[in-house]
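User: I am new to this structure. Please show me how to read its features, one at a time.

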Number of protein chains: 2
Amino acid sequence: MTRGETGRPVRKRRNQYHHGDLRRALIDEAARVIGARGVEHLTLRAVGQQLGVSRTALYRHFADKASLLAAVAAEGFRQLRTDLAAAWEERGGGRAGMDAMGIAYVKFAVERPSYYRVMFGGLLDAERVRCDELVEHATAAFQVLEDAVIAQQRDGLVHADDPAELSRYIWATVHGIAMLGIDGQLRHEAGGAEALMRFANERLRTGIALP
Amino acid sequence: MTRGETGRPVRKRRNQYHHGDLRRALIDEAARVIGARGVEHLTLRAVGQQLGVSRTALYRHFADKASLLAAVAAEGFRQLRTDLAAAWEERGGGRAGMDAMGIAYVKFAVERPSYYRVMFGGLLDAERVRCDELVEHATAAFQVLEDAVIAQQRDGLVHADDPAELSRYIWATVHGIAMLGIDGQLRHEAGGAEALMRFANERLRTGIALP
DNA sequence: ACCTGAACACCGTTCAAGT
DNA sequence: ACCTGAACACCGTTCAAGT
């Protein structure tokens with residue numbers, strides 16, 4: 001039997017009312033609007049209208065607007081994880097793989113600034129929105145980085161610090177570059193966030209590589 | 001003649017209608033609400049009511065809500081600059097001063113998460129909100145860091161890279177730690193963002209210090 | 001189960017009118 | 001100049017009612 005990415009069986013269902021999968025359609029449409037015009041222009045009414053559905057139909061699938069945003073953010077982390085893993089593997093890991101991951105991360109953020117902000121912008125009250133799916137996908141994305149760090153430690157390329165701590169440090173650096181780039185705070189940097197990431201790859205390395 | 005921080009002459013004016021300085025009062029009240037309940041709870045109507053003023057009085061001093069937020073952000077950068085300069089000078093500069101600046105920065109962000117987000121959260125469309133005051137204060141805050149880097153280069157403590165580039169790299173790291181901390185993404189870190197900053201001070205140093 | 005329209009309690013912003 | 005109330009065009013969300 002074919003299975004969806006959630007692991008639940010996928011069945012071609014007859015369209016009830018309007019959609020086979022309104023939930024999916026809502027997330028996609030929300031992500032589209034966010035990517036095209038920014039979160040601040042996302043209204044549930046317009047989403048419903050675009051999908052040919054009443055403006056309250058959405059509440060059958062999401063508790064509120066924040067929950068929809070959380071689902072969009074989860075989708076973002078899933079994609080980010082894919083991008084990071086691809087960058088690492090394309091270079092066959094090692095230092096080149098690590099550098100490529102940093103660049104891929106920054107690229108992801110800079111190319112979809114609004115999307116990235118939904119993932120990290122604090123629109124989702126960490127306490128209130130109990131979205132296990134979001135935490136799960138975010139953790140999985142981070143795990144790609146930590147696995148890379150552990151692999152490099154095994155190969156003697158990187159300090160034998162606590163890999164989780166070391167990974168958090170690297171994550172913070174890359175995240176900071178991405179955020180500053182999105183905010184336009186790197187306007188004096190010739191090559192933008194990507195150029196700063198290349199510089200960071202150099203300085204980060206001499207910081208974390210064994211002597 | 002006494003002068004305000006903008007360089008314009010300060011004169012004790014008679015209260016017109018309700019306030020001697022409604023603009024100042026609006027910024028303070030907005031900052032108070034943001035600090036206490038978050039930006040998402042800030043409404044112009046409530047601000048006016050709290051100040052005993054009509055809900056449209058504000059438009060005499062700000063073009064719109066975004067402009068008010070920009071003024072609040074500018075105030076934040078002014079305070080951040082003060083905190084950073086104090087940390088640097090208290091330790092008499094050098095490595096200890098640099099470390100203290102990092103900690104002070106993260107503390108600033110973690111203690112006023114909503115405030116910090118207004119400064120960096122992208123609520124101010126960098127293109128649309130032409131707020132020279134904001135850019136000015138943000139630049140001044142960054143300058144404190146760059147001056148510290150230059151001083152350390154002079155003392156032979158730090159790599160002779162382009163100081164602006166090096167400062168941006170350090171800023172990104174600290175900013176990333178602050179942001180992840182605010183977002184609750186460091187929940188697995190025992191001492192929170194501050195602990196990660198201490199770790200970063202170690203690893204950052206071996207990255208940027210001369211051998 | 002899933003969807004609907006009408007209604008509620010909000011917003012930011014505009015504007016003619018006041019002092 | 002600075003402030004005002006009424007009005008406009010929106011929001012997210014609730015809810016009784018439909019299929």
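User: What should I know before I start?

Analyst: This is a predicted model, in which local features need pLDDT of at least 70, side-chain atom pairs count only at pLDDT 80 or more, and totals for chains, interfaces and linings use all residues. Residues are numbered from 1 along each chain as its sequence is written, chains are lettered from A and ligands numbered from 1 in the order in which they are written, and side-chain values use heavy atoms, with hydrogens and water left out.

User: How many residues surround DNA strand C, and which are the closest?

Analyst: A residue is near a strand if one of its heavy atoms lies within 4 Å of it. Here 18 residues surround DNA strand C. The closest are Ser54(A), Arg45(B), Thr56(B), Tyr59(B) and Lys65(B). Of the atoms of DNA strand C that come within 4 Å of the protein, sugar and phosphate account for 53%.

User: What classes of residue make up the surface near DNA strand C?

Analyst: Ala, Val, Leu, Ile, Met, Phe, Trp, Tyr, Cys and Pro count as nonpolar; Asp, Glu, Lys and Arg count as charged; the others, Gly among them, are polar. The surface near DNA strand C has 8 nonpolar, 6 polar and 4 charged residues.

User: Which atoms of DNA strand C do Arg45(B), Tyr59(B) and Leu44(B) approach?

Analyst: Start with the rule. A polar contact is a pair of N or O atoms within 3.5 Å; within protein, one must be able to donate a hydrogen and the other to accept it, and residues adjacent in sequence count only if both atoms are side-chain atoms. Arg45(B) has a polar side-chain atom 2.3 Å from a base nitrogen of DNA strand C. Tyr59(B) has a side-chain N or O atom 2.8 Å from a phosphate oxygen. For Leu44(B), a polar backbone atom is 3.2 Å from a phosphate oxygen.

User: What area do chain B and chain A bury between them?

Analyst: The size of an interface is often given as the accessible area lost when the parts come together. Buried area is that loss, found with a 1.4 Å probe and summed over both parts. Chain B and chain A bury about 3200 Å² between them, 59% of it on carbon and sulfur atoms. Arg168(B), Tyr169(B) and Arg203(B) supply 21% of the area that chain B buries against chain A, more than any other three residues.

User: How many residues does each chain give to the contact?

Analyst: Contact means heavy atoms within 4.5 Å. Chain B gives 38 residues and chain A gives 38 residues. Between these chains, 7 residue pairs are in polar contact, both residues at pLDDT 80 or more. Helices (H or I, at least four residues) are DSSP runs, numbered from the N terminus. In chain B, helix 5 (113–120), helix 7 (163–182) and helix 8 (192–208) each supply at least two residues of the side that touches chain A. Helix 7 of chain B gives the most, with 12 residues. By class, that side of chain B has 18 nonpolar, 10 polar and 10 charged residues.

User: Are Arg203(A) and Asp161(B) buried or exposed?

Analyst: Buried means under 20% relative accessible area, exposed over 50%, partly exposed in between (1.4 Å probe, protein chains only). Both Arg203(A) and Asp161(B) are buried.

User: Why is helix 5 of chain B largely enclosed?

Analyst: Count its buried residues. They are 7 of the 8 in helix 5 of chain B, so the helix is largely enclosed by the rest of the structure. What covers them includes helix 5 and helix 7 of chain A, together with helix 1 (22–37), helix 3 (65–90), helix 4 (94–111) and helix 7 of chain B.

Note on methods. Buried area is the accessible area (1.4 Å probe) that two parts lose on being put together, summed over both.
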